[in-house]
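Here is a short note to read alongside the model. Please keep the 3D view open and find each residue as you go.

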Amino acid sequence: MSDNTFRYILRYKIDPLFHADDRIDELLDFCVESRVEEVMMFFGAEELTTGHPTLDELKPYVEMGKRLKRKLDENGIALSLNPWTTIYHVSRGRSLKPGQDFHLLVHENGLSSRITACPLCDKWQKYICETFSHLVRELQPVALWIEDDWRLHNHEPAGGWGGCFCNLHLERFSQAVGKPVTREELLANILASGEPHPWRKKWLEISRDSLLEPARKLQQAISQASPTTRLGLMSSVPDIHSAEGRDWTALQEAIGTEPKFLTRPHMPPYSETPAICTPPSVTRQTLANLTGPLEIYPELENSPRCGQYSKSGAYNRWECLHAAMFGSDGITINHFDMLGNGITLDPTYSNTLASQKDRLNAIVKLGLDDRRAEGVRVLFSPDIAEHVYSKNQTSLTGLNNNSDMWANTLYPLGIAHSFSKTVENDGTPYAVSGQTLRAFDDTEIKKLLSGPILLDAYSVEFLLERGFGELIGIEAGKWRTLNETSFAYESILEEDAEVYGLTNPRMTAQRCSERLLEMTLTEGAEIQSQIFTGDHTKLWPGLVTFTNSEGGRIASLTYPFDGNSQFFMAFFNVFRRTLLQRLIANFAPNTPYAFALEHPMSVYRAPSQSGIVIAAFNLIMDTVQRLVLQLPEKQIDPARIQILSEDGKWQPANAKVTMTNNSSKIVVDKKIPPLQAAILLSPV
């Protein structure tokens, strides 16, 4: 569908009872000016929703949609549909209507939803198949998008995490285990401390099937009603989907994979947030979960859809550039409100989109696929929720692993990275955090430890528990709290002032975490940094490296990557950037890495149809005066490097190169404004 262009899909609400014809005419003008290829039509959404819509309530939308489609067709613009709700996001005071006697979702704390249907409910399944089939039969859209409320979590704040513990689910689970089970008993066993109770796996299987079964029915109904209409899936956070048992491959097959699987992955933030704090990790991890040919349109959400008061044009363009770099075919855009006010909310937005279209089109033509991206591999498992050890939690949030923490760390440190759910032994460094390794068996872990790897403190703790201390150079680990030990700072043990600009530079430790892991080392382990108190009393190592008997090179940190706000306030600085970049280059000097030097930037590196692509994004509000990159020696020819101009043309980058320590320092005299990027291509 993308046809080598970066396809703009505008999500747009017209109220059929509020100046609808005026909104249609101005929408057509906007699409032409902004170079939008598709309009995703909303039905009763957000503020104007009245609950699960009836066919009578949808009649004005269908009639208006037919008028809109005729005019879109005349202008070569496609129409897709977004009914906005499936089982229903959150009630916000709405409730079921007469005749809608759906079986309702029951949350983990026993609260019954006012409106969210249990996906196992036969009446709801029949309703959604009939309703969505009617819409596609009448309007013949190119696609119908399944909203991201196709999930069991995040439906009612008062209900806790979510899940469904209604009678239908409990009866199905009771049959699976051969005895009557209550919600309280089930939840207690799912969250039991230590090794996961056998019931957790069974519960995740039932949760998974409860969303797969209606997906298969819906796909069959839509294909019969309109054979040319595709189903597209909107999704949210992979680790959270894991806690509802999601099998991504099975869900792809249920929804339909021909000619490609159509997907809209989650892409925060929803309102303008400092770029340095907003890595696209969730989006990239979602893509890493998917198999086969993909057609990708991440969400460009401007919430609560107040136009420029939610996000600036510059920020919108920034997110489009990111989306293009991880192989998206385009983007789905929410910018205008759901009240039917139309384009008047932001008359400047057409220029925001049109001004960057040629550049985005040029990136799409490269044929990028983020599943082939290069750099440090962030390890994760789609099944992590099955393996996480709970620690006396009372909510299903305890099954969330935060698998993307290393990606969130490498992003502002200018270190190219990717996501991987498998272990390869090809010399490329891996990075592991949290309880990720619990999802891998001993054979896979030994394979992992035979290569270069970065470990946070939780990963070290797990490897010690599993008996792998000998392979990581650590004999024991003990958690030490800030209040107990007064740990204050970390000192890098480097006497050469030319490396960091001074000898033994210091970094805060007390602002990074409330506790650190004190590591007792085995013979051969090397201390790269040391933790001290405020009066300079030596405590324990901050970073330890070790080369094991299998040839693996291991780096272990004292810090737990748990996503706390203190970590993201304190962990990042120029010393940390240099420390980790040097460590990775030393561990794996010939692997396809890429670093940004001199300025806070995020970096992508990926093969393409035309050569190696490297993109560097300016993360702060200071202009980059020149682009400085470090790559392995002789992997690209600096004389042939091209840079993508603002108007989408490839031009000579006139790069200068210096060779040092088996690496190439590449300098491009190109200023990069805030919220902009330099896109480089080294032709094959």
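The points below cover a helix, ring pairs, charges over rings and salt bridges.

1. **Ground rules.** This is a predicted model: local features need pLDDT of at least 70, side-chain atom pairs count only at pLDDT 80 or more, and totals for chains, interfaces and linings use all residues. Residues are numbered from 1 along each chain as its sequence is written, and side-chain values use heavy atoms, with hydrogens and water left out.

2. **Helix H4.** This helix spans residues 167–177. Helices (H or I, at least four residues) and strands (E, at least two) are DSSP runs, numbered from the N terminus. Which residues of H4 are buried? They are His169, Leu170, Phe173 and Ser174. They cover an arc of only 135 degrees around the axis, so they lie on the same side of H4. The arc is taken from the directions from the helix axis to the C-beta atoms. Buried means under 20% relative accessible area, exposed over 50%, and partly exposed in between (1.4 Å probe, protein chains only).

3. **Around H4.** The cover over its buried residues includes helix H5 (183–190) and helix H6 (198–225). Contact here means heavy atoms within 4.5 Å. Glycine 178 follows H4, and its phi is positive, near 80 degrees.

4. **Aromatic pairs.** The structure holds 28 of them. Rings of Phe, Tyr and Trp (its six-membered ring) pair if their centres lie within 6.5 Å; planes under 30 degrees apart count as stacked, over 60 as edge-to-face and the rest as tilted. Phenylalanine 336 and tyrosine 349 make an edge-to-face pair, 5.8 Å centre to centre, with 90 degrees between the planes. Phenylalanine 336 lies in the loop between strand S11 (330–334) and helix H11 (349–354), and tyrosine 349 lies in helix H11, so the pair ties together parts 13 residues apart in sequence. Phenylalanine 336 is buried at 2% relative accessible area, and tyrosine 349 is buried at 1%.

5. **A tilted pair.** The ring centres of tryptophan 406 and phenylalanine 561 are 4.6 Å apart and the planes are at 55 degrees, so this pair is tilted. Tryptophan 406 is in helix H14 (residues 405–410), while phenylalanine 561 is in the loop between strand S22 (553–557) and helix H20 (565–570), 155 residues apart. Tryptophan 406 is buried at 0%. Phenylalanine 561 is buried at 1%.

6. **Charges over rings.** A charge sits over a ring if NZ of Lys or CZ of Arg is within 6 Å of the ring centre and within 35 degrees of the ring normal. Arginine 246 lies over the face of tryptophan 248, 4.9 Å from the ring centre. Lysine 357 has its charged end over the ring of tyrosine 8, 4.4 Å from its centre.

7. **Salt bridges.** A salt bridge is a side-chain nitrogen of Lys or Arg within 4 Å of a carboxyl oxygen of Asp or Glu. How many does this rule give? The count comes to 40. Glutamate 374 bridges to arginine 605, with the closest N and O atoms 2.8 Å apart. Glutamate 374 is in the loop between helix H12 (357–364) and strand S12 (376–379), and arginine 605 is in strand S24 (residues 601–607), so the pair ties together parts 231 residues apart in sequence. Glutamate 374 is buried at 19%, and arginine 605 is buried at 4%.

8. **An exposed bridge.** Aspartate 669 pairs with lysine 656, the closest N and O atoms being 3.7 Å apart. Both residues are exposed.
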